[in-house]
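Please examine the following sequence together with its three-dimensional model. The paragraphs below lead through selected features of the fold.

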Amino acid sequence: MDGTGHDYFHVARVVQHANKLLETETADHFLVNLAAWTHDLGDYKLHAGVDKSTQMISAFLSSIGVTASVINQVTEIVSQVSFSKGRTPTSAEARIVQDADRLDAIGAIGIARCFAYGGSTGNLLFNPEDNTPNASSIQHFYDKLLLLKDLMHTPTARQMALQRHQFMEDYLRQFYFEACY
Ligand code: NI
């Protein structure tokens, strides 16, 4: 079980988003699918702050018979996807997987995942007296979630992000209304 919002169904949604983006983008479908399925394997957030992704992805892919050269390409794509690593993707494949992962971080699902992750780390829902980074789950909207729509690479993801972004703005308005803030 995973209570951080990085469960199997998150990964399945990222794969689905990535394949949607592939309808209008030119990229290697096999690499995009392998990278989307493995993009959260070994993530530092899930391994006590240590990044084990290259090691875990390589071990998994080689166990299912993927060649070394494809494994190298997939681990390179995945290393460019994470928001926290702050890398700009250099390939169409990495841009697609990053957009797909980011689409699942915003909108109604993004809100649910944000609070689930905050809960898993013992963070507050909201602290009206502290707006420093990581102070609460609501603060995470400003640290990351509200920035993502402008960071999408592909036109399709940019378009899909708009409505999800609007929903988060509406959600925050209602949250502050109920918090009398
Ligand atoms: Ni992810």
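Are His39 and Asp101 buried or exposed? In this predicted model, His39 is buried, as is Asp101. Both residues belong to the site of the nickel ion, whose protein donors are His10 and His39, each through NE2, and Asp40 and Asp101, each through OD. These donors lie 2.1 to 2.3 Å from the ion. Along the sequence, the donor residues follow the spacing H-x28-H-D-x60-D. The pair of His39 and Asp101 links distant parts of the chain, the two residues being 62 residues apart. His39 is located in the loop between helix H2 (29–38) and helix H3 (53–63), whereas Asp101 is part of helix H5 (residues 92–103).

The geometry of the site may be considered next. The angles among the four donor atoms run from 83 to 170°. A tetrahedral arrangement would require all angles to lie between 85 and 135 degrees, and the site of the nickel ion is classed as irregular.

Helix H2 also packs against another helix. The axes of H2 and helix H4 (residues 68–79) come within 9 Å and cross at roughly 60°; the two helices are therefore oblique to each other. Their crossing is right-handed. On the H2 side, Phe30, Leu31, Leu34, Ala35 and Thr38 take part in the contact, and they meet Val70, Gln73, Val74, Ile77 and Val78 of H4.

A further residue of interest is His17, found in helix H1 (residues 8–22). His17 has a relative accessible area of 11% and is buried, since the limit for this class is under 20%. Beyond residues up to four places away in sequence, His17 touches Ala100, Leu103, Asp104, Met160 and Arg164.

Notes:
Residues numbered from 1 in each chain as written. Predicted model: local features only at pLDDT ≥ 70, side-chain atom pairs only at ≥ 80, totals over all residues. Heavy atoms only, no water. Donors = N, O, S within 2.8 Å, 3.2 Å for Na, K, Ca; no water. Tetrahedral: all angles 85-135°; square planar, octahedral: opposite > 155°, others 65-115°. Helix = DSSP H or I, 4+ residues; strand = E, 2+ residues; numbered from the N terminus. Buried < 20%, exposed > 50% of the residue type's maximum accessible area, 1.4 Å probe, protein only. Axes fitted to C-alpha atoms, helices over the stretch in contact; angles between N-to-C directions. Parallel < 35°, antiparallel > 145°, perpendicular 65-115°, else oblique. Left-handed = near helix turned anticlockwise from the far one by under 90°. Contact = heavy atoms within 4.5 Å.
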